[in-house]
Amino acid sequence: MESIAQDAHDTHDTPSLTANDLPAGHFLALKTLDTLLDAPTTEPAHDSPHSWHATPSSHSQNTKEPQSPTSDDELDFYDMSFDEVDVAFKEDAFVSQALETGIDLREYVQQVQEEKEQVQRELEQDYAQQAQSFVDLHYEIESCDEVLGRMEELMNVFQSDLGNISSEITNLQEQSSCMSIKLKNRKAVEFKLGKALKGMVIAPHVIKKITESDIDETWLHYLLDINKQMCFVKANQSRPIKALRNVGPELEKLRLKASATIRDFFVSRIQSLCVPNTNLQIMQQSVFLKYKELHMFVLERHQEAAAEIQQTYIHCLRWYFHNHFERYSKGLLKLQTVATEKTDLIGVEENVRKGGLFGSGKLAFKDKSNVFALNGRSDVLRLQDPGVILVHVAEDKEQKYQFEQLFRSFNLTLIDNASSEYLFIYEFFSRNLNTAADIAKGIFQQMHEPTERVGIAFSKTYIDNSYDAVGILLCIRINTQLALELQRRRVPVLEGYTNSINMLLWPRFQYVMTLHIDSMKKLGNNKSVMSAIKDIHPHYITRRYVEFATSLLVLNDDYNDALLTNSVHRLRNEVESLLARMSNELPEIIRRNAFLINNYDLIVSVFQEANNRALDSELDHARQLVSLQISGFVEEQLKPHFGTLIECVKTAENRKNNETLDKKELERISYQFAQTWRSSLTAMNASIVQYFSNFKTGTTVLHAVLGQLIIYYTKFLDLVEQQSSANIQPVGIQTVMVEIKKFRSAF
């Protein structure tokens, strides 16, 4: 055991790696590293995590001292007894394993010693190879320490500067806040002071412009500024400001001068409207409305000047409209066609209307249009905007017009000018919207009253001498349309005028309708006329009536005037009465029926051609009259040919059921029918052709006659069958119907 301990002690004296065993470069690096490690360590001024702390090296090639144990787990064999060493070996797992295997401890120690030396040499060699890297790393660390030191100084300076800047910013913020408050206060003072100065200070060039120059847009702009200053001075006159008292007289002078200039400006422009060929609407738009604020100024600042302008305008426009419309109405009356006369009534005879045998009325009659038919006269109501009649153009072309066309042209021109003028007055002469309508209406009535009288006189000139009920009714409808147009435009100032025109037209219309009815009554009482009725064809009175009634009823469509409807019914009743009296002048009943059928059929035909819903009720009434007369005609037509057969049937219908007919009479009637029925059909067909020249009417009547014949003959056959007489051999109904079909298709 002592030898083992001695061998272990000898291992500490094993020589280390010498200079001869290392390369020259590695030896120099090691020497430098030892110098650095042996150098005294200098503490940095400030502790830093990057500071390098060098410790003295304990390496020495010539001095080897045993090291003391560093912990409780290490054993000091020099201070231990053999028993303790033996126990320690047994406790050591590695040594215990070696003893158990029988390994020689000297050899094992020698082996461990060799391995230790080998490891020591490898470590020293590796350390020698890495020595230069350690030196370079040491220099880099020192360089970094120097850089970091300078950065630390810069950061300290920067931190100090930031502290100074922060204090300066705080100071600037305080100064900015103070200056902002001062600026706000100065702006508030400046605004109030500027407003006061603007309301009181008048520039010299403005005064010169207002007092010496003519009115233009610049003049208007300056005046509006002065008006604002006047409002400011008036609103602040109670405040103790000396400048307000000083500027007051100057503003008063400017007010008077401006008012006089404005008055002269408008008065001169208004008077220029009296010059011929002046366009009123252009003047209103380009001058009056353009400088409307000037008139508002005098309305507010100088009532006398405003009243003078208004009166001048009323007088000039009063003359302007009266003069123009008076000349226009006279020119229109020259374009009127030949006026209707009292002879243009339904009940007036044809020779009287034409002027008699030696009269001079033929030329005038040719120039007249049909006063009873509407024809194209209603176009004046349907056209949206055909324009107005230009007198000089119509005169050059020698054109003539119905009065309703002249009436429409005059009144359409009147309401167009009146609407434009009313709207201009409403806009130009009114300050307050609440009273604008009343003011405009008052001014308009003063100005337009003479013109309305011209319009009423224009209509009255024609109406008082007119017997053209259709033309008068057209004027009524035109007047109604114009009144509705004024309502659409919201122009209430001509309501009195349109009502006055209606008061002229309706009474005259009723008067003319009464004249038409009276004329037919007089015609019915004229024995010479009534005795001259010989023809069964439609009378000219019927033609006049149906055309006249159609015209009136068509013009009543969508209006439903009860007054007009009653007048038409009165006229219809009088015509029916007159036709009945005329038919009574004919000696034969069948001719009377044919006369009435032809006249009523004419009425139906004209109503149908008009194709208007307003005629439906009258058309139904006329058809009923035609049917009634056809029934009478059928009986009269059958009576000469089949009278005994018809009488037999009617007698049988009037008898009681238990009464029997005479068989001999039935045999005689049956025999007579068989002998004459074909010739009778031919005779009736020829007779109907003579009575009715109208194909459609003749066909209708023939069908009614033949149909009624079939009815009578069928009833007769029923009577024959009831008697059951073998001696009676009547003609079969099928034979009769086959023959009748031939006549129906041949008419």
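Start with Ser268, which sits in helix α9, residues 242–271. Bear in mind throughout that this is a predicted model. Is Ser268 buried, exposed or partly exposed? Its relative accessible area is 34%. Buried would need a value under 20% and exposed a value over 50%, so Ser268 is partly exposed. Along the chain, Ser268 and Ile309 are 41 residues apart, and their C-alpha atoms are separated by 9.8 Å.

A second pair of that kind is Glu212 and Lys257. They are 45 residues apart in sequence, with a C-alpha to C-alpha distance of 9.6 Å. Glu212 belongs to helix α7, residues 204–212. At 58% relative accessibility, Glu212 counts as exposed.

Now the whole chain. The protein has 747 residues, and buried residues make up 39% of them. In secondary structure, there are 28 helices and 0 strands. Take the contacts in the protein with a separation of 6 or more: residues 24 or more positions apart account for 79% of these.

On to helix packing. Two packed helices are described by the angle between their axes and the distance between the axes. I have two pairs to show.

Which residues of α18 and α20 meet? From α18 there are Glu452, Gly455, Ile456, Ser459, Lys460 and Ile463. On the α20 side they meet Tyr497, Ser500, Ile501, Leu504, Leu505 and Arg508. By type, the residues of this contact divide into 6 nonpolar, 3 polar and 3 charged.

The second pair is α25, residues 616–654, and α26, residues 663–691. Here the axes are 9 Å apart and the angle is about 175°. That makes α25 roughly antiparallel to α26, because the cut-off for that term is over 145 degrees. The α25 side of the contact consists of Phe633, Gln637, Leu638, His641, Phe642, Thr644, Leu645 and Cys648. The α26 residues they meet include Leu666, Ile669, Phe673, Trp677, Met684, Ile688 and Tyr691. Arg668, Gln672, Ser680, Ala683 and Ser687 of α26 are also in the contact. The division for α25 with α26 is 13 nonpolar, 6 polar and 1 charged.

I will look at the second largest cavity, which holds about 70 Å³ of space. Its lining consists of Tyr545, Arg572, Val575, Glu576, Tyr600, Ile603, Phe607, Glu618, His621, Ala622 and Leu625. The largest share, 4 residues, comes from α25. Sorted by type, the lining has 7 nonpolar residues, 1 polar and 3 charged.

Next, a buried serine. Ser551 lies in helix α22, residues 540–555. Its relative accessibility is 2%; the limit for buried is under 20%, so Ser551 counts as buried. Which residues is Ser551 in contact with, leaving aside its neighbours within four places in sequence? They are Phe372, Ala373, Leu374 and Val470.

Asn375 is in the loop between α14, residues 362–367, and α15, residues 379–382. Its phi is near 50°, a positive value in a residue other than glycine. Asn375 counts as exposed, at 60% relative accessibility.

Asp558 is in the loop between α22 and α23. Asp558 also is not a glycine, and its phi is positive, at about 75°. With a relative accessible area of 57%, Asp558 is exposed.

In the second largest cavity, α25 gives the largest share of the lining. That is what I have for today.

Key: Residues are numbered from 1 along each chain as its sequence is written. This is a predicted model: local features need pLDDT of at least 70, side-chain atom pairs count only at pLDDT 80 or more; totals for chains, interfaces and linings use all residues. Side-chain values use heavy atoms; hydrogens and water are left out. Axes are lines fitted to C-alpha atoms, for helices over the stretch in contact, and angles run from 0 to 180 degrees between N-to-C directions. Helices (H or I, at least four residues) and strands (E, at least two) are DSSP runs, numbered from the N terminus. Angles under 35 degrees count as roughly parallel, over 145 as roughly antiparallel, 65 to 115 as roughly perpendicular and the rest as oblique. Contact means heavy atoms within 4.5 Å. Ala, Val, Leu, Ile, Met, Phe, Trp, Tyr, Cys and Pro count as nonpolar, Asp, Glu, Lys and Arg as charged, and the others, Gly among them, as polar. On a 1 Å grid over the protein atoms alone, a cavity is a set of points where a 1.4 Å probe fits but cannot get out, and a pocket is an open set with protein on both sides within 12 Å along at least five of seven lines; lining residues have an atom within 4 Å of a point. Grid points are joined across faces, edges and corners, and a volume is the space filled by probe spheres set on the points. Buried means under 20% relative accessible area, exposed over 50%, partly exposed in between (1.4 Å probe, protein chains only).
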